[in-house]
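The entries follow the order in which I looked things up.

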Amino acid sequence: MSDQDRFSVTLRREERFRFGVTFGDGSVATLTMDEPAPLGDDQGPNASEVLAAAVGNCLAASLLFCLQKAKVPVTDLEVTVQGRMARTESGRLRIAELAVRLTPELDGESPGRLQRCLDLFEDFCIVSQSVRAGIPIAVTVTPAPAGATSDAPTG
């Protein structure tokens, strides 16, 4: 696997359940993530919301890319993602479903080219297809003494 096939995200706890998220080499602004009260202070999106945003963004980018390649003029694109939480048999909350609504504003009629994109675009969305298929996640916990610094980039 080449370096261009890899990506990196670093999270650093700022306070309580609020984390600063640095992407790649840190050239993009840090994203603040937080849990809603009573755990956190609701000063940013939580992980479920960021996952929903990632799915929505990827689908929107895939649709937009296809429409542009098909020369279907798009003047605006709005995406709404609604998630539903449910408890497992053991009582743990999980994201049970995500419903994504894409509303492209099209300039002109191109029904044939539009339909072709509608038939294709989902298959090219890396995030939604990965989530649908289930992503293996390797987890390692390496405790460090208090005050130890990390080699991870900070934002």
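Which residue does a disulfide join to Cys 66? I found that the partner is Cys 117, with an S to S distance of 2.4 Å. I note at the outset that this is a predicted model.

**Entry 1: the Cys 66 pair.** I placed both ends on the chain: Cys 66 sits in helix 1 and Cys 117 in helix 2, 51 residues apart, so the bond links distant parts of the chain. I then looked up the torsion about the S-S bond of Cys 66 and Cys 117; it is about -90 degrees, and the disulfide is therefore left-handed. I checked accessibility as well, and both Cys 66 and Cys 117 are buried.

**Entry 2: the other pair.** I counted two disulfides. The other one I looked at joins Cys 58 to Cys 125, with S to S at 2.5 Å. This pair also links distant parts of the chain, 67 residues apart. Cys 58 belongs to helix 1 (residues 47–69), while Cys 125 is in the loop between helix 2 (111–120) and helix 3 (126–133). I wrote the S to S value beside the cut-off, since a pair counts as a disulfide when the sulfur atoms are within 2.5 Å.

Are these two cysteines buried or exposed? Cys 58 counts as buried because its relative accessibility is 13%, and the cut-off for buried is under 20%. Cys 125 has 1% relative accessibility, so this residue counts as buried too.

I numbered the bonded cysteines along the chain and got the pattern 1-4, 2-3.

**Entry 3: the core.** I asked which residues make up the largest nonpolar core. There are eleven in all.

I then listed what Cys 125 touches, leaving out residues up to four places away in sequence. The list is Val 55, Cys 58, Leu 59 and Ser 62.

**Entry 4: Thr 10.** I looked up Thr 10 and found this residue in strand 1 (residues 9–15). Thr 10 is buried because its relative accessible area is 13%, under the 20% cut-off. I also took the C-alpha separation between Thr 10 and Ser 62, which is 26 Å. These two residues are 52 residues apart along the chain.

Entry 5: Where is the cis peptide bond? I found it from Ala 37 to Pro 38, with omega near 10 degrees. Pro 38 lies in the loop between strand 3 (31–33) and helix 1.

Asp 42 has its place in the loop between strand 3 and helix 1. Its phi is positive, about 55 degrees, although Asp 42 is not a glycine. Asp 42 counts as exposed because its relative accessibility is 53%, and exposed means over 50%.

Lys 71 also has a positive phi, near 60 degrees, in a residue other than glycine. I found Lys 71 in the loop between helix 1 and strand 4 (74–87). Its relative accessible area is 62%, so Lys 71 is exposed.

Conventions
Residues are numbered from 1 along each chain as its sequence is written. This is a predicted model: local features need pLDDT of at least 70, side-chain atom pairs count only at pLDDT 80 or more; totals for chains, interfaces and linings use all residues. Side-chain values use heavy atoms; hydrogens and water are left out. Helices (H or I, at least four residues) and strands (E, at least two) are DSSP runs, numbered from the N terminus. Buried means under 20% relative accessible area, exposed over 50%, partly exposed in between (1.4 Å probe, protein chains only). A nonpolar core is a set of buried Ala, Val, Leu, Ile, Met, Phe, Trp, Tyr and Cys residues joined through side-chain atoms within 4.5 Å. Contact means heavy atoms within 4.5 Å.
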